2 protein chains.
Amino acid sequence: MSPNRLPILITMGDAAGIGAETIVAAHLQQPEQLRNTVVLGDVACMRRAAALYAGPGQTALPVALLESLAQVPQVPPGCIAVLQVEPALQPPAWGQVSAQAGAFAGACVFKAAEIVLSGQASAMVTAPLHKEALSAAGLPYSQYPGHTEMLQAAAARRLQCEPAALPVRMMLANAELRTVLVSIHVSLRKAIEAVTYEQVLQTLLVTDRALRSALGRAPRIAVAGLNPHAGEGGLFGREEIDIIVPAMQEATLQGCQVSGPWSPDTVFMRARRPQGQDGEFDVVVAMYHDQGLIPVKYLGVDEGVNVTLGLPLVRTSPDHGTAFDIAGTAQASPQSLLQALEMARVLVRT
Amino acid sequence: MSPNRLPILITMGDAAGIGAETIVAAHLQQPEQLRNTVVLGDVACMRRAAALYAGPGQTALPVALLESLAQVPQVPPGCIAVLQVEPALQPPAWGQVSAQAGAFAGACVFKAAEIVLSGQASAMVTAPLHKEALSAAGLPYSQYPGHTEMLQAAAARRLQCEPAALPVRMMLANAELRTVLVSIHVSLRKAIEAVTYEQVLQTLLVTDRALRSALGRAPRIAVAGLNPHAGEGGLFGREEIDIIVPAMQEATLQGCQVSGPWSPDTVFMRARRPQGQDGEFDVVVAMYHDQGLIPVKYLGVDEGVNVTLGLPLVRTSPDHGTAFDIAGTAQASPQSLLQALEMARVLVRT
């Protein structure tokens with residue numbers, strides 16, 4: 001079977017959060033788009049979520065428990081396929097931290113990674129985990145801050161290397177803008193320290209490789225400066241001159257199509273592709289978390305997608321958390337999950 | 001005459017840049033909105049700019065040389081009024097740095113500030129200066145990085161105090177978003193050092209005072225964190241806990257309506273007022289230049305406005321530079337200048 005006919009896995013995420021109900025809502029809104037996908041999760045939890053959307057006297061969306069991945073392509077649209085890769089979970093109270101839910105969600109992520117890495121599925125789309133539940137679950141889950149590190153560990157196991165040998169970067173994308181971050185969840189002080197020649201170069205190379213597959217050509221990578229006006233020739237900081245430009249030169253030598261460093265306050269506007277128009281760049285490499293996330297989220301977070309670059313698997317996720325405050329109320333929007341699924345299909349199509 | 005009937009001054013900016021032609025284009029596009037304004041500049045330069053827009057055989061927009069400010073209200077729409085406060089300037093070549101143009105532009109800014117500070121005009125809108133021309137002009141102009149410091153000096157002279165006693169902040173605004181910056185043109189490292197209790201508190205107080213006049217009520221001030229997720233409870237940096245929250249508490253005691261510190265990646269989206277809808281906040285206090293400018297500029301820079309807060313005068317300016325590369329080609333958009341004028345009228349109306 002060619003890679004793009006292989007099923008796409010959707011991990012259910014923390015069972016006390018909005019993961020399950022956004023999957024149901026996605027099936028209700030766009031059944032065709034959900035074809036050839038399978039939820040790695042718990043069938044009872046998925047049925048509880050499906051029931052949220054059934055009005056009085058209505059039948060909930062059917063949830064089918066599969067025996068194997070081979071059955072996925074045969075599941076009709078409008079039916080949610082579940083692969084129960086872990087023993088059944090007692091559905092936890094909505095919005096409550098639960099060690100059992102944390103462990104279950106973590107196990108599904110590892111299992112999904114194994115399946116994709118072994119070539120039985122083409123990609124994984126991950127519904128949100130809850131950090132505290134993961135922590136309450138104990139080892140091995142408690143040692144991972146989130147998905148990225150879990151996937152890095154899974155890939156390293158498979159490739160028999162150290163996780164550090166697999167440099168990972170996060171790409172945030174919506175319909176108008178893509179940005180890849182040099183660093184993510186560290187203080188701004190530490191983020192400045194993370195702007196090193198090696199890290200910037202790695203980010204450029206990882207970005208080039210990942211988007212080259214997706215676009216079918218070399219991506220036009222714009223590099224944002226670290227400082228206002230990209231340092232204004234050294235007046236407002238020298239990182240551009242001392243670090244970023246040399247890393248860009250090496251990336252260019254290695255075949256990347258990079259430009260910059262551009263003034264951070266206008267590079268995202270220039271890369272923006274409103275209503276399908278072309279932007280000046282295909283992707284912006286941002287030097288720190290908020291530099292990239294402020295513009296990606298500015299027009300609303302409903303359709304943001306998170307993509308893990310640098311691993312030997314395709315993984316996307318919606319750009320929101322477990323939203324414990326509204327879990328179980330059928331209010332959560334499935335737009336970001338649908339976009340994550342679409343992005344996964346784009347990345348697999350190559 | 002009540003303050004809102006007093007004329008508004010428009011300084012011509014560097015004569016080799018796009019200032020003069022954007023003023024002409026603004027008069028052409030919205031003659032009514034330009035009523036009761038007067039250009040502090042050079043009549044020959046303004047006539048040269050007006051001629052750029054006259055097609056073959058067409059008459060250029062008339063440029064009237066006034067004798068005094070008292071004549072301004074009588075100038076008909078469609079006529080550009082100029083007050084020649086300095087000896088006539090030999091129009092410089094478009095797009096060339098010129099010491100004469102720098103000195104002339106600087107003198108107009110100081111003169112405009114004096115006129116507004118003395119109560120003979122209600123506000124000043126400043127077309128862009130060119131830093132190198134200002135520097136080439138020699139003292140006193142060469143000692144000022146830009147408008148803000150010149151206006152601070154002019155106000156300090158009038159109030160007989162030290163410039164440092166007049167804390168100034170920059171507000172960037174467009175139709176959808178207002179943001180006030182704790183620091184501006186310094187490296188990101190120095191910007192982090194500038195996040196002190198005193199600087200944050202001063203920014204909050206200056207923001208409150210300025211927008212309270214403009215809105216007629218206490219503005220809802222959102223405070224952005226410095227770090228990703230506003231520090232995530234100290235995990236990604238402690239500036240929020242150690243500095244920002246104490247400054248917010250003091251501002252609250254002094255009557256400000258502040259909230260936060262919010263996660264920087266979503267606070268601007270929450271404050272956004274698309275198509276006149278209300279946002280959650282009236283203004284976002286940003287901890288550094290790009291944090292605030294990336295979202296303000298993301299949707300396009302044509303309509304950005306720069307407002308100097310904290311001085312005893314109203315000053316706004318378009319959010320673009322001299323654009324030497326297109327000066328003299330009649331291509332520059334007057335939208336930002338028109339927005340700056342509108343913003344000045346809003347700030348004066350109180």
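Trainee: Ground rules before we start?

Mentor: The model is predicted: local features need pLDDT of at least 70, side-chain atom pairs count only at pLDDT 80 or more, and totals for chains, interfaces and linings use all residues. Residues are numbered from 1 along each chain as its sequence is written, chains are lettered from A and ligands numbered from 1 in the order in which they are written, and side-chain values use heavy atoms, with hydrogens and water left out.

Trainee: How many helices and strands make up chain A?

Mentor: Eleven helices and twelve strands. Helices are DSSP runs of H or I with at least four residues, strands are runs of E with at least two, and both are numbered from the N terminus.

Trainee: And how compact is chain A?

Mentor: Its radius of gyration is 20 Å, close to the 20 Å that the globule rule gives for 350 residues, so chain A is as compact as a globular protein of that length. The radius is taken over C-alpha atoms, and the rule is 2.2 Å times the number of residues to the power 0.38. Along the principal axes, the C-alpha atoms fill a box of roughly 65 × 45 × 40 Å.

Trainee: What share of chain A is buried?

Mentor: 59% of the 350 residues. Buried means under 20% relative accessible area, exposed over 50%, and partly exposed in between, with a 1.4 Å probe and protein chains only. Chain A exposes about 13,400 Å², and carbon and sulfur atoms supply 51% of that. Those areas come from the Shrake-Rupley method with a 1.4 Å probe; for residues, only the protein chains shown count as cover.

Trainee: What about contacts along the sequence?

Mentor: Take contacts in chain A between residues at least 6 apart: 72% join residues at least 24 apart. Contact means heavy atoms within 4.5 Å.

Trainee: Pick a residue. A344(A): buried or exposed?

Mentor: Buried, at 0% relative accessible area. A344(A) sits in helix α11, residues 335–348. Beyond its neighbours up to four places away in sequence, A344(A) touches I8(A), A123(A), V125(A), V314(A) and T316(A).

Trainee: And A70(A), buried or exposed?

Mentor: A70(A) is exposed, at 57%. It lies in the loop between β3 (63–65) and β4 (80–83) of chain A. Its C-alpha atom is 34 Å from that of V97(A), 27 residues apart along the chain.

Trainee: What lines the largest cavity?

Mentor: 13 residues, with H27(A), L34(A), R35(A), V75(A) and C79(A) nearest its centre. The largest cavity holds about 60 Å³.

Trainee: And the second largest cavity: which residues line it?

Mentor: Among them are H27(B), L34(B), R35(B), N36(B), V75(B) and C79(B). Its space is about 50 Å³.

Trainee: N36(B) again. What is its phi?

Mentor: Positive, about 65°, although N36(B) is not a glycine. Most residues other than glycine have a negative phi, and most peptide bonds are trans. N36(B) counts as buried, at 15% relative accessibility. E232(B) also has a positive phi, near 45°, but E232(B) is partly exposed, at 35%.

Trainee: Which peptide bonds are cis?

Mentor: One is G260(A) to P261(A), with omega near -5°; P261(A) is in strand β9, residues 257–262. Another is L139(B) to P140(B), with omega near 0°; P140(B) is in the loop between α4 and α5 of chain B.

Trainee: Last one. What lies nearest the centre of the second largest pocket?

Mentor: H229(A), K131(B), H185(B), H320(B) and G321(B), out of 47 lining residues. About 1,500 Å³ of space lies in that pocket.

Notes: On a 1 Å grid over the protein atoms alone, a cavity is a set of points where a 1.4 Å probe fits but cannot get out, and a pocket is an open set with protein on both sides within 12 Å along at least five of seven lines; lining residues have an atom within 4 Å of a point. Grid points are joined across faces, edges and corners, and a volume is the space filled by probe spheres set on the points.
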